[in-house]
Structure formats: C-alpha cells, structure tokens
There are 6 protein chains.
Amino acid sequence: MTFSLTVREHLMIAHSFRGDVFGPAQRLHGATYLVDATFRAAALDDDGLVVDIGRAGDLLRDIVGALTYRNLDDEPDFAGVNTTTERLCQVIGDRLAARVRDGALGDVHLTAIAVTLHESHIAWASYEVAL
Amino acid sequence: MTFSLTVREHLMIAHSFRGDVFGPAQRLHGATYLVDATFRAAALDDDGLVVDIGRAGDLLRDIVGALTYRNLDDEPDFAGVNTTTERLCQVIGDRLAARVRDGALGDVHLTAIAVTLHESHIAWASYEVAL
Amino acid sequence: MTFSLTVREHLMIAHSFRGDVFGPAQRLHGATYLVDATFRAAALDDDGLVVDIGRAGDLLRDIVGALTYRNLDDEPDFAGVNTTTERLCQVIGDRLAARVRDGALGDVHLTAIAVTLHESHIAWASYEVAL
Amino acid sequence: MTFSLTVREHLMIAHSFRGDVFGPAQRLHGATYLVDATFRAAALDDDGLVVDIGRAGDLLRDIVGALTYRNLDDEPDFAGVNTTTERLCQVIGDRLAARVRDGALGDVHLTAIAVTLHESHIAWASYEVAL
Amino acid sequence: MTFSLTVREHLMIAHSFRGDVFGPAQRLHGATYLVDATFRAAALDDDGLVVDIGRAGDLLRDIVGALTYRNLDDEPDFAGVNTTTERLCQVIGDRLAARVRDGALGDVHLTAIAVTLHESHIAWASYEVAL
Amino acid sequence: MTFSLTVREHLMIAHSFRGDVFGPAQRLHGATYLVDATFRAAALDDDGLVVDIGRAGDLLRDIVGALTYRNLDDEPDFAGVNTTTERLCQVIGDRLAARVRDGALGDVHLTAIAVTLHESHIAWASYEVAL
C-alpha cells in the first residue's frame with residue numbers, strides 16, 4: 001500500500017547549456033517548468049493526510065521561489081553544472097527532502113519524494129529519492 | 001514487465017473536514033474529483049488486454065456513482081472520517097479491489113490497483129494496493 | 001485587432017439545485033471550478049500589456065476567495081438563485097467588471113471580460129460582458 | 001458560419017522586462033510558450049480544408065523557429081520593446097498574416113488569424129487579426 | 001452579454017482522404033476526436049441554465065454514437081466527401097443544430113452552436129453556426 | 001534514486017478487433033494515440049542528462065512513423081494479433097528497447113523504458129520493461 005500527494009507550481013528561468021549535444025540550446029534561452037512535487041507515505045496520519053497540503057504547497061513555493069525569474073547561468077549554486085530538466089528535478093527534489101528531514105512539514109512519515117518538471121507539452125523529466 | 005490500463009471518471013461531492021490543520025476547509029464546501037483507476041498485470045490475456053475496458057469502466061462508474069452528488073458528511077460509511085483526497089483514493093481503490101477479487105471483471109490476473117484523484121489542476125493524490 | 005490576457009484560479013464549493021431538471025444534483029453536493037478570467041483590449045498599453053498580470057491575478061483571487069470553501073446555499077447573495085456553472089460565470093464576470101470600472105486594475109482600456117468555469121474535464125460554461 | 005483550424009508548437013526563450021510593473025520579471029528569466037495558431041475561413045475548400053494542415057504547421061514552425069532558443073533582449077527586432085506574452089502573440093500573428101498574404105499557404109481564403117501563447121498552466125494571452 | 005455551455009465526448013473512426021495534399025493520410029488510417037459541443041445563448045433560463053446539461057450530453061452522445069467505431073469511407077452520408085476534421089465539425093454542428101431546431105433540447109433560446117474536434121494534442125478544428 | 005525523461009509523439013491508425021469482448025470495436029475504426037516514451041536511469045551522465053532528448057525524440061518518431069497513417073489489420077507484423085492499446089504500448093516499448101540495446105541512443109545506462117498510449121481523454125495504457 002502506497003499513498004501519495006502531489007502539488008503543482010511553476011518556474012520561469014533563463015539558462016544555457018554547454019556541450020555539443022545541446023545544439024541550439026547552447027544559446028541563452030529559457031523555460032517555463034511546471035513543477036509537480038509528490039510526497040509518498042505508507043499510511044495516512046490521524047487527519048487522513050499524507051502531508052498537510054497547505055504546508056506542502058508553501059514549502060514547494062519557497063523552494064521554487066528561490067529559483068524563479070533568474071538566469072541560472074549566474075547562480076553560484078549551478079556553477080559548472082548544466083541545469084537540464086533532469087538536473088533541476090534533482091535540485092528541487094533534494095531541497096525538498098532536506099527540508100522535510102529538518103521538519104519543515106512537521107512530524108511526517110514520508111517514504112519518498114518525487115519531482116516532475118514539464119518543460120513543454122511534449123517533454124518532461126522526473127526524479128525520485130527515498131527518505 | 002508490467003502492463004496497466006487506466007480509465008477516468010469524475011465525482012462531485014460536498015464535505016467538510018475536522019481539525020485545525022484544514023483551515024477554511026473546515027467549512028462545508030465541495031469538490032469535483034477526476035478519478036483515474038489503474039489496473040496492473042504482469043501479462044496480457046489472450047485478447048491482448050489487461051482488463052476489458054468496458055467492464056472496467058462500468059465497475060468504476062458503479063463505485064463512483066455510489067458517492068457522487070452527495071454530502072459525504074452525511075454518509076454512514078464516513079462517520080468520524082475526514083474524507084480527504086488521499087482517503088477517497090483509498091476508499092475507491094479498496095472497493096475496486098474487493099469487487100475485482102469477487103470476480104466483477106471476470107477471471108483476470110491483476111497484480112495491483114491504483115487510484116488517483118485530482119482535486120484541482122494543481123493538486124492530486126494517489127493510492128496503490130496489491131491484489 | 002483584439003488582444004486578450006487570461007489568468008486561471010480555482011474554487012471549491014458546496015451547493016444544491018432546485019428544479020426537477022437537475023435530477024440527483026438537487027442533493028447537496030459540490031464542485032471544484034477552474035476559473036479562467038479573460039481581459040480583452042483593442043490595443044496594448046505602453047508596457048506591452050493588456051493588463052498587469054499581477055494585478056489581474058490578485059483581483060481574480062480576491063473575488064474567488066470570497067466564494068471558496070463555502071456552501072453557496074447559505075450565502076445571502078444567492079438566496080433563491082440556482083448557482084449553476086453558467087450563473088457563477090456571470091457572478092464572477094460581473095464582479096470583475098464592476099471592480100475594473102472602479103479602477104481596480106488602474107487606468108486600463110478594456111473592451112470586455114470573459115469568464116469560463118470548468119466543472120469537470122467534460123463540461124464547462126462561459127460568460128462574456130462588454131465593458 | 002465560421003470554420004477554423006489550429007496547430008500547436010512551442011517556443012523557449014530568455015528575456016527581461018523594463019518597467020516597475022514587472023517586479024521580479026525585470027530580471028533576466030525565460031519561458032516556454034505553447035503557441036496555438038488558428039486560421040479562420042467562412043467556407044472549406046474543395047478538399048474539405050480551411051488550410052493544408054501540413055503547410056500550416058510548416059509555416060508556424062518556420063516563424064517560431066526564428067525566435068526559439070534565443071535571448072529576445074538581444075534581438076534587433078525587439079529593441080526597445082517589452083516582449084510580453086501579448087506582444088509575442090502579435091509578433092507571431094502579424095508574421096503569419098504577412099506570410100499568408102504572400103501566398104505561403106497557397107490560394108487560401110482566410111478571414112482571420114488568431115495566436116494564443118500559454119506562458120504557464122495558469123496564464124495565457126491571445127491576439128486576433130483580420131486578413 | 002453571451003453565455004455558453006460546453007460538453008465533451010469522443011469519437012473513434014477510420015477513414016482515408018483523396019487528394020495529393022493529404023500525403024500519407026491518403027492511406028486508410030484513423031483518429032480519436034475529442035468532440036466539444038458549445039451551446040450559446042444571450043440569457044439564462046429560469047433555472048439558471050443555457051441548456052440542460054443532461055439533455056445536451058445525451059444529444060451529443062446520440063449524434064457521436066452514430067459515427068463512432070466506423071470506417072467513414074463506407075458511410076453513404078460521406079460518399080465523395082473528405083471527412084477532414086473541419087468537415088466533421090460541420091457535420092456534427094449541423095446535426096446538433098437541426099436537432100435543437102426540432103426541439104431535442106426543449107424550448108431553448110440558443111443563438112449559436114459551435115463544435116471543436118481535437119484530432120491530437122497539437123491540432124484541432126472548429127465550426128460555428130448561428131441558430 | 002531514479003531519473004526519467006519522457007517525450008511525447010502521436011500516432012493515427014485504423015484497426016479492428018476480433019473477440020466478442022470488443023463489442024462495436026470489432027468493426028473497422030481507428031484512433032489517435034498520444035505516445036509517451038519514458039527512459040529511466042539511476043544516474044545522470046556528464047552532461048546532466050538521462051538521454052539526449054533530441055536523439056530520444058528522433059528514435060521515437062522513427063518507430064511511431066513506421067506505424068502511423070496505416071490500417072494495422074493489413075500489417076504483417078500484427079497478423080493474428082489484436083492491436084489493443086496495451087499491445088501497442090508493448091510493441092513500441094520493445095522496439096525502443098531493442099534500438100537502445102543496439103546503440104541508437106549511444107552509450108547510455110538506462111534501467112528501463114516505459115510507454116504510455118492515451119487512446120482518448122478518458123483511457124490510457126502503459127507498458128514498462130527493464131533494460
């Protein structure tokens with residue numbers, strides 16, 4: 001038995017990629033990412049919840065808010081890193097996991113966090129990490 | 001190797017929640033839930049199917065039909081229970097599983113059932129149970 | 001030449017309908033409505049905008065926030081009124097129009113406002129009013 | 001009687017806005033735009049078409065291809081112009097209209113072109129121009 | 001002031017096209033069409049409705065049901081006609097209009113009917129006819 | 001830790017089914033399938049990728065292109081096979097897996113491939129195979 005709860009936000013950034021594999025995406029361009037954060041648990045709490053959806057949404061907005069309306073090429077956190085859709089899933093997923101371990105959602109018993117970023121209507125990436 | 005088939009229905013209900021964590025959702029309100037029921041199998045049957053989509057759809061409509069256009073606060077089945085999105089996933093998933101075990105879809109060899117309820121375009125929950 | 005800008009919110013309410021035509025929806029039930037508010041103009045302003053999307057979003061959230069997490073059957077504004085999807089489009093559209101005329105979006109030159117409410121993935125209604 | 005045909009593409013760009021109204025979007029950031037181009041006609045041609053969908057798609061890809069994977073702040077065409085979602089609708093719509101008038105879709109009898117750009121799942125803009 | 005109500009169905013057919021413009025679509029192939037039928041009115045009725053959504057849905061299902069799971073190349077109604085997406089919008093729209101004029105939705109005061117058929121996530125067509 | 005990348009294409013085919021279970025779908029009809037191909041890996045490569053999205057898209061288009069605009073009843077590959085949505089997921093998934101093993105995406109370290117086909121807005125199927 002597995003339960004999950006997902007909340008959606010979005011993120012608008014500029015960036016460029018290094019490496020021939022990226023073709024025209026080596027130029028400075030940008031993206032809107034739809035960001036789906038999924039919280040998994042083996043059981044519901046006494047309120048019938050995986051997590052408090054209000055706190056989950058606030059936490060995701062906080063993490064996404066630290067990235068949005070920026071040129072990721074200028075962010076020290078991403079120096080030397082290609083901020084691919086896959087990589088940004090990991091960044092957001094790991095930041096969520098760290099905050100959950102630090103108690104940002106209270107005393108929850110989550111088993112995993114998954115993050116999906118949709119870069120367009122025809123491409124998306126995901127990352128899942130155990131807690 | 002895993003196969004799955006998913007059918008979608010929807011459900012319109014009223015309810016309220018008990019507990020400070022729910023904030024304004026403690027008031028009587030309601031929701032449209034998009035209900036996605038997924039049937040999993042390790043192999044396809046002789047017709048090339050996980051399950052007969054017609055029977056799967058009828059079964060889901062039957063279970064959803066017993067819930068829709070109701071105030072869940074007044075339903076004896078949910079006395080003392082917060083009918084959160086996560087909980088309703090479980091209710092529908094367990095009812096589907098019980099009906100499948102009772103032969104409602106015929107002699108099928110399913111490994112699991114998963115149910116996802118979308119409460120809006122920015123929030124959804126899931127429940128998966130092995131068969 | 002016509003320009004428009006649309007912002008999306010959502011709304012979760014309980015209500016019931018009076019009249020045989022409504023069948024089982026005469027019972028107390030509820031809905032999530034996706035609310036799309038469209039602002040139309042014949043030209044863009046000096047910033048290249050129909051309206052400031054931030055102010056438009058705040059205005060829509062304000063109007064939607066006065067309705068959400070409520071049982072519309074108990075709201076004095078709707079006494080004796082069936083709060084159908086069509087009617088709620090009109091309520092939200094007329095409230096937006098009144099606020100725009102009162103300057104809530106500043107000195108804008110809008111020609112019309114349209115509101116669409118999606119009650120499920122298979123049904124929606126719209127209302128358009130000239131300004 | 002009105003007919004229309006719509007084709008969808010997408011576009012990934014970087015840009016920034018000038019003006020206090022834009023708040024954090026004054027910083028260099030970016031967007032994925034889903035681009036819907038609609039061609040309108042009063043009647044269908046002898047093949048039963050508004051336009052040849054293949055040629056319409058090629059034309060839209062050609063126009064979108066000249067914009068994508070770029071920093072619009074560096075494009076001479078947009079010097080001194082805020083490349084808002086509304087404005088980009090107009091740019092793409094006017095370029096489509098000019099190409100249609102020049103025969104890019106053959107001898108068609110279109111009455112209007114409309115362009116919608118979705119900047120996220122919660123905001124989009126449109127532009128319609130008569131032919 | 002304009003009101004509208006839309007209901008969605010779907011349709012699965014085989015067909016082929018005649019004419020070089022259709023390229024590989026001259027071969028027998030098929031499509032799922034999402035069918036959106038929109039009913040427009042200048043005012044709501046005493047129940048607060050454009051039309052009874054139940055009757056509207058039944059009418060659309062009836063018309064769509066006469067087309068679905070068929071090879072349109074074999075249907076006498078379409079002899080010598082390319083059943084393009086645009087043309088099928090017109091067929092369904094005109095059948096809806098005829099049935100509405102014959103009282104299939106009761107004594108309604110509709111001003112127009114519009115039909116949109118989505119042939120994929122990247123292409124759709126529409127037809128609108130006054131009543 | 002799991003990463004995945006998904007790309008979407010579509011496919012338009014005619015076919016019929018053999019077996020009473022299929023009801024009216026025993027007649028020749030057709031479908032548009034939205035085809036989502038997911039590539040899974042335990043780690044990202046040096047470029048920050050699961051796979052090169054350009055090559056992944058080309059590979060999927062190549063496999064889908066060999067099926068589209070055809071009557072699957074006439075394809076030797078499917079003689080005696082019901083080309084159900086589930087079965088087509090497997091066909092596309094196995095073809096992707098074979099091509100990946102043959103190096104079509106270069107020297108990648110994928111753990112699994114999953115394919116989802118949406119046959120309409122209310123039904124879809126999936127297949128996942130380990131690599």
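At 23% relative accessibility, Y69(B) counts as partly exposed, where buried means under 20% relative accessible area, exposed over 50%, and partly exposed in between (1.4 Å probe, protein chains only). The model is predicted, so local features need pLDDT of at least 70 and side-chain atom pairs count only at pLDDT 80 or more, while totals for chains, interfaces and linings use all residues. Residues are numbered from 1 along each chain as its sequence is written, chains are lettered from A and ligands numbered from 1 in the order in which they are written, and side-chain values use heavy atoms, with hydrogens and water left out.

Y69(B) sits in the loop between α1 and β3 (70-71) of chain B. Helices (H or I, at least four residues) and strands (E, at least two) are DSSP runs, numbered from the N terminus. The phi angle of Y69(B) is near 55 degrees. This is a positive value in a residue other than glycine. In chain D, Y69(D) is placed in the loop between α1 and β3 (70-71). Its phi is positive, about 55 degrees, although Y69(D) is not a glycine. Y69(D) is partly exposed, at 24% relative accessibility.

In chain B, helix α1 (residues 53-65) and helix α2 (residues 85-101) cross at roughly 130 degrees, and their axes come within 10 Å. Axes are lines fitted to C-alpha atoms, for helices over the stretch in contact, and angles run from 0 to 180 degrees between N-to-C directions. That angle makes α1(B) oblique to α2(B). Angles under 35 degrees count as roughly parallel, over 145 as roughly antiparallel, 65 to 115 as roughly perpendicular, and the rest as oblique. The crossing of α1(B) and α2(B) is right-handed. A crossing is right-handed if the near helix is turned clockwise from the far one by less than a right angle, and left-handed if anticlockwise. From α1(B), the residues L59(B), L60(B), D62(B) and I63(B) meet I92(B), R95(B), L96(B), R99(B) and V100(B) of α2(B). Contact means heavy atoms within 4.5 Å. The contact residues comprise six nonpolar, no polar and three charged. Ala, Val, Leu, Ile, Met, Phe, Trp, Tyr, Cys and Pro count as nonpolar, Asp, Glu, Lys and Arg as charged, and the others, Gly among them, as polar.

In chain C, α1 (residues 53-65) and α2 (residues 85-101) pack at about 130 degrees, with axes 10 Å apart. The two helices are therefore oblique to each other. α1(C) passes α2(C) in a right-handed crossing. L59(C), L60(C), D62(C) and I63(C) of α1(C) make the contact with I92(C), R95(C), L96(C), R99(C) and V100(C) of α2(C). T85(C) also lies in helix α2 of chain C. T85(C) is buried, at 5% relative accessibility. Beyond its neighbours within four places in sequence, T85(C) is in contact with Y33(C), L117(C), E119(C) and A125(C).

In chain D, the axes of α1 (residues 53-65) and α2 (residues 85-101) come within 10 Å and cross at roughly 130 degrees. α1(D) and α2(D) are oblique, and the crossing is right-handed.

Two chain pairs show no contact. Chain A and chain C do not touch, and their nearest C-alpha atoms are 13 Å apart. For chain D and chain F, the closest C-alpha atoms lie 13 Å apart.

The structure holds zero disulfides over all chains, a disulfide being a pair of cysteine sulfur atoms within 2.5 Å. C89(A) is buried, with a relative accessible area of 0%. C89(E) is buried, at 0% relative accessibility.
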